[in-house]
Amino acid sequence: MTQIKPTQPGPAGAPFPAAWGPDGAREKLARMLLIRAFEEKAEELFALGRVHGTMHLSIGQEATAVGAASALRRGDYLLNHHRGHGHCLAWFDSDVDAMMAEFMGKETGYCRGRGGSMHIANVDANNLGANGIVAGGVPIAVGVGLSIKLRQTGQVCLVGFGDGAANEGAFHESLNMASIWDLPVIYLCENNQYAMSMPVSKAFNIERISDRAAAYGLPGVTVDGNDLVAVYTAVAEAAARARAGQGPTLIEAQTYRWRGHSKSDKQAYRTRDEVKEWQQRDPIVRFAAALGLSDGELEALRAEAQARIAQAVAFAEASPEPAVASIAEGVYA
Amino acid sequence: MPDRVPALENLAVEPPAGTREITYVEAVREALRQALAVDRRVFLIGEDIGVYGGAFGATAGLLQDFGEERVIDTPISEAGIAGACIGAALTGMRPVGEIQFMDFVTLSMEQLVLQAAKIRFMFGGKASVPMVLRMPGGSGTGAAAQHSESLENWFVHVPGLKVVMPSTPYDVKGLLLASILDDNPVIFVEHKLLYKTKGPVPEAMYTVPLGRARVAREGRDLTIVATSLMVNRALEAAARLAQDGIEAEVVDPRTLNPLDDAALVASVKKTGRALVVHEAVKTGGFGGEVVSRIVESEAFDYLEAPVRRLAGLDIPIPYNRNLEYHAVPQADTIAAEARKLARGEV
């Protein structure tokens, strides 16, 4: 059986696109740190029993979320997956207070506490939501793409999903439809090596998930998902194609989830050494090094992110619970 | 493109039917044509709806008039069709999808049940999914078990979806336009055997509001609540019963969700007896819901006999013509059941 080949870190090029400038590049680092701090706090809140339900942490995958959003424009659309805190926080006009409040089930949350971790959306910013169903958002991207094409607005739709979703039937229907109609959709497959416990080495008989693009007549590219600039560059190219009416692209961003699938995962399917090896490729440390930051500077930025998250927790904790009398609101328009 | 199109608003509500007669499928097509003509947000998407005109001809000629961008033929991808409708609806369009046979909606279920129905609620009421998914259900064409399903009650069981099931050319036009205007996902169930039935239909656009039942025939002795094709069969049965001096009232809910409880209750209070008829299999069918709404209401005190259900047998639809005939209620079986109920024999 052919096995998915892991990417290796690429050669060091320019640390970041010149257009960002040093401040812009630092902002992207700060955004990754904010995501990391959000999720570490989320984990802590669970451990303390202060949050109800489950969660799927993307710790270790921050470069994919921030790299992708950095390559797009305000007004573009996002369809997100269940491990989607990072994409939400990386997206335009994101509000970390509303994120944390939603995570904690409060009325002030993005979804008034009805959605929670798996369904965070910011519809006003065209963030059309995270999704609890593997590949659930992938067919919806066809409709968003069609709508953009019919309305002739020049927007694009970024749809994020995992390696597991690439084995759902809906994935194939969606890529084919977007391809035959040249829809402005960017398929971003975040290959974090496991669909819950199923490793990509056992779930695919191909070398790259991006190889599947050829079957539908669209370009497929695999990048190091822990390299913010590599993700940015691939998504920027895909967006340019999409805006030029040249149709969709499949991007496979290879990355790794440091934590278990969800809070109950004993991780019997992988070794500690494997996790440690991937932790050496921490996208935050790598990008900080590329920017020439000292350890002290990085730690100062980290502390800033943690302080912001502490404020968000305070906001969420001070926020009201949804009123029981409002329980049926929003079922129908 | 304007966000709101006045032409599709302020339509007449249930205007007089007039004298022009067209078929049910022509009424579907007329509603689609008129919606496409006045509202740039509306587009059609489905399998073989373009050159072929739809498996039952509902979209015949629309491709020629509105072009490939707005009458979109798809590959055989039912999850993709549903997803395409959801994504477009979320971003300002008013898609009308077609599932070629209702049976095939099984391939769209995740998108409809877990996405379309729940997006608004999960997002705290901040998004809406104004889409219509049309699909012909029902048996009677010899198409056997995988092309004859009546699955409407699956959708009734999903909060967030509306379920519409018109039985006349007049209703199908008005309900389809109302469904396109509705800000919620609507499952729009047509019936293959109704497509060729004729009736009076106004030429201008109009709506039949979702959630309003129709008394198809007035009567004092018993109420027959029937859906879709079964309304016609119930009316035929009622005509036979009238010859025996039994006057049946036939009530067509027209939309299963929202359901016009008040109309059902009022009729049963008047007649004191109720028979619920549908084509879908009896167990877990819509009839159970109708019976519950009746017996939970003040109509209970007016009942003179147990409420009865007559529905499809709990079997897949058989191919053989005679077996197929006997799998679902017919005018004669409805009449027989109603007669027993009216005479106090059950």
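This note comments, point by point, on a predicted model that contains chain A and chain B.

1. **Make-up of chain A.** Chain A holds twelve helices and seven strands. Its radius of gyration is 19 Å, close to the 20 Å that the globule rule gives for 333 residues, so chain A is as compact as a globular protein of that length. The C-alpha trace of chain A spans about 50 × 50 × 45 Å along its principal axes.

2. **Make-up of chain B.** In chain B there are twelve helices and 16 strands. The radius of gyration of chain B is 20 Å, close to the 20 Å given by the globule rule for 346 residues; chain B is therefore as compact as a globular protein of that length. A box of roughly 60 × 45 × 45 Å, taken along the principal axes, is filled by the C-alpha atoms of chain B.

3. **Burial and contacts within each chain.** Of the 333 residues of chain A, 58% count as buried. In chain B, buried residues make up 61% of the 346 residues. The student may also look at how far apart in sequence the contacting residues lie. Among contacts in chain A with a separation of 6 or more, 75% are accounted for by residues 24 or more positions apart. For chain B, the corresponding share is 83%.

4. **Surface and charge.** The accessible surface of chain A comes to about 12900 Å², and 51% of it belongs to carbon and sulfur atoms. Chain B exposes about 12700 Å², with carbon and sulfur atoms supplying 52%. Chain A has 31 positive and 37 negative charges, whose mean positions are 2 Å apart. Chain B has 35 positive and 44 negative charges, and their mean positions are 2 Å apart.

5. **The interface.** The size of an interface is often given as the accessible area lost when the parts come together. Here, chain A and chain B bury about 3100 Å² between them, and 67% of this area is on carbon and sulfur atoms. In chain A, the residues that lose the most area to chain B are A:Leu150, A:Tyr332 and A:Ala333, which together give 21% of what that side buries. The contact takes 37 residues from chain A and 42 residues from chain B.

6. **A covered helix in chain A.** How many of the nine residues of helix α2 of chain A are buried? The helix runs over residues 62-70, and eight of its nine residues are buried, which leaves it mostly covered. The buried residues are A:Glu62, A:Ala63, A:Thr64, A:Ala65, A:Val66, A:Gly67, A:Ala68 and A:Ala69.

7. **Two positive phi angles in chain A.** A:Arg112 has a positive phi of about 55° although it is not a glycine. A:Arg112 is placed in the loop between α4 (96-103) and α5 (138-151) of chain A, and its relative accessibility of 18% makes it count as buried, because buried means under 20%. A:Met196, which is not a glycine either, also has a positive phi of about 55°. The loop that holds A:Met196 lies between β4 (194-195) and β5 (198-199) of chain A. At 52% relative accessibility, A:Met196 counts as exposed, since exposed means over 50%.

8. **A glycine in a loop of chain A.** A:Gly245 is in the loop between α9 (228-243) and β7 (249-254) of chain A. Is A:Gly245 buried or partly exposed? At 44% relative accessibility, A:Gly245 counts as partly exposed. Although A:Gly245 and A:Pro184 are 61 residues apart along the chain, their C-alpha atoms are separated by 6.8 Å.

9. **A cis peptide bond in chain B.** The peptide bond from B:Asn257 to B:Pro258 is cis, with omega near 0°. B:Pro258 has its place in the loop between β14 (255-257) and α9 (261-271) of chain B.

10. **A leucine in a loop of chain B.** B:Leu313 is found between β16 (308-312) and α11 (321-327) of chain B, in the loop that joins them. With 44% relative accessibility, B:Leu313 counts as partly exposed. Which residues does B:Leu313 contact, leaving aside its neighbours within four places in sequence? They are B:Val281, B:His326 and B:Ala327. B:Leu313 and B:Val328 are 15 residues apart in sequence, and 6.3 Å apart in space from C-alpha to C-alpha.

Notes. Residues numbered from 1 in each chain as written. Chains lettered and ligands numbered in written order. Predicted model: local features only at pLDDT ≥ 70, side-chain atom pairs only at ≥ 80, totals over all residues. Heavy atoms only, no water. Helix = DSSP H or I, 4+ residues; strand = E, 2+ residues; numbered from the N terminus. Rg over C-alpha atoms; globule rule 2.2 N^0.38 Å. Buried < 20%, exposed > 50% of the residue type's maximum accessible area, 1.4 Å probe, protein only. Contact = heavy atoms within 4.5 Å. Areas by Shrake-Rupley, 256 points an atom, 1.4 Å probe, with all protein chains shown as cover. Lys, Arg positive; Asp, Glu negative; His and termini not counted. Charge placed at Lys NZ, Arg CZ, Asp CG, Glu CD. Buried area = accessible area lost by both parts, 1.4 Å probe.
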